[in-house]
Amino acid sequence: GGSYLARYEPHRRMIEEHANFWWMQGEKDFSLTIDQDAYPIYSGDINLPNFKDARALSWKEPTGVSYEPVFLGDHTKEELDVLYDTDDEGSPEAAVIDNATLYVYPPNPDKAYSMRLYRYSWTDNPAQTTTVTAGGDDLLNFFPMALVYAALAWGYELELKDMQGAGY
């Protein structure tokens with residue numbers, strides 16, 4: 001049962017593994033908790049089950065109107081743990097995603113700052129062909145043969161065990 005498009009789901013993933021594309025972009029707003037530095041990506045306040053990669057992170061005062069950038073991914077968690085004391089307070093300056101958790105520095109936010117995570121997420125195929133014909137899916141609208149080629153490569157590799165044919 002189900003849509004014939006569901007058969008292309010693993011092939012869509014094969015395409016999206018190669019790069020971050022415009023149809024995968026999105027934003028997620030959430031708030032920091034006072035004195036909390038760790039925020040799980042796939043649950044809790046962020047809760048992005050299809051998260052793939054971060055593009056940028058910004059913050060603003062809880063009642064503010066303008067966002068400020070947070071340096072995201074420029075350092076490792078180990079480096080930031082050395083640069084900041086465990087009791088440092090203040091507005092977000094840097095962040096890193098480590099093991100599906102977003103860590104914010106300084107590690108003790110002094111307010112419930114409003115955050116905006118710009119991200120890439122894995123996408124699902126539309127459930128109905130009417131979504132495709134109505135212009136709702138960029139991969140299928142602009143690159144319909146990409147799914148066919150991904151399916152052929154999958155068939156050559158997994159079913160026929162022909163790596164040369166899959167590479168072509």
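**Close-up views of the predicted model**

View 1. Asn47 counts as partly exposed because its relative accessibility is 41% (buried means under 20% relative accessible area, exposed over 50%, and partly exposed in between, with a 1.4 Å probe and protein chains only). The structure is a predicted model, in which local features need pLDDT of at least 70, side-chain atom pairs count only at pLDDT 80 or more, and totals for chains, interfaces and linings use all residues. Residues are numbered from 1 along each chain as its sequence is written, and side-chain values use heavy atoms, with hydrogens and water left out. Asn47 belongs to the loop between E2 and E3 (strands, E, have at least two residues and helices, H or I, at least four; both are DSSP runs numbered from the N terminus). Its phi is near 50°, a positive value in a residue other than glycine. Asn99, in the loop between strand E6 (94-98) and E7, likewise has phi near 50°, which is positive although the residue is not glycine. With a relative accessible area of 70%, Asn99 is exposed.

**View 2. The protein chain as a whole.** The chain contains 6 helices and 9 strands. Of its 168 residues, 36% are buried. Contacts (heavy atoms within 4.5 Å) between residues at least 6 apart in sequence join residues at least 24 apart in 63% of cases. The chain exposes about 9900 Å², of which carbon and sulfur atoms supply 51% (accessible areas come from the Shrake-Rupley method with a 1.4 Å probe; for residues, only the protein chains shown count as cover).

View 3. The whole structure holds 4 salt bridges (a side-chain nitrogen of Lys or Arg within 4 Å of a carboxyl oxygen of Asp or Glu). In one of them, Arg116 pairs with Glu27, with 3.6 Å between the closest N and O atoms. Because Arg116 lies in strand E9 and Glu27 in strand E1, the pair ties together parts that are 89 residues apart in sequence. Arg116 is buried, at a relative accessible area of 19%, whereas Glu27 is partly exposed at 46% relative accessibility.

**View 4. A salt bridge between two loops.** Lys111 and Glu61 form a salt bridge whose closest N and O atoms are 2.9 Å apart. Lys111 sits in the loop between strand E8 (108-109) and E9, and Glu61 in the loop between strand E3 (51-60) and strand E4 (68-72), so the pair links parts 50 residues apart in sequence. Lys111 is partly exposed at 34% relative accessibility, and Glu61 is partly exposed with a relative accessible area of 30%.

View 5. The side chains of Lys77 and Asp81 meet in a salt bridge of 2.9 Å, N to O. The two residues are 4 apart in helix H2, which means that about one helical turn separates Lys77 and Asp81. Lys77 counts as buried at 18% relative accessibility, and Asp81 is partly exposed with a relative accessible area of 38%. Elsewhere, salt bridges that share partners join Glu27, Asp29 and Arg116 into one network.

**View 6. A patch of negative charge on the surface.** Asp35, Asp85, Asp87, Glu89 and Asp110 gather in this patch. Patches are made of residues with over 30% relative accessible area and no salt bridge, like charges being joined within 9 Å and nonpolar side chains (Val, Leu, Ile, Met, Phe, Trp, Tyr) within 5 Å. Lys and Arg count as positive and Asp and Glu as negative, without His and the chain ends; the place of a charge is NZ of Lys, CZ of Arg, CG of Asp or CD of Glu. Asp35 lies in the loop between strand E1 (25-31) and strand E2 (38-40) and is partly exposed at 46% relative accessibility. Asp87 lies in the loop between helix H2 (77-83) and strand E5 (89-90) and is exposed at 55% relative accessibility.

View 7. Asn108, in strand E8, is buried at 13% relative accessibility. Leaving aside residues up to four places away in sequence, Asn108 touches Asp35, Thr86, Asp87, Asp88, Glu89 and Gly90. Pro106 and Asp87, 19 residues apart along the chain, have C-alpha atoms separated by 8.1 Å.

**View 8. Tyr120 and its contacts.** Tyr120 is located in strand E9 (residues 114-121) and counts as buried at 14% relative accessibility. Beyond residues up to four places away in sequence, Tyr120 touches Asn20, Phe21, Met24, Gln25, Phe51, Lys52, Asp53 and Arg55. Tyr120 and Lys52 are 68 residues apart along the chain, with 5.4 Å between their C-alpha atoms.
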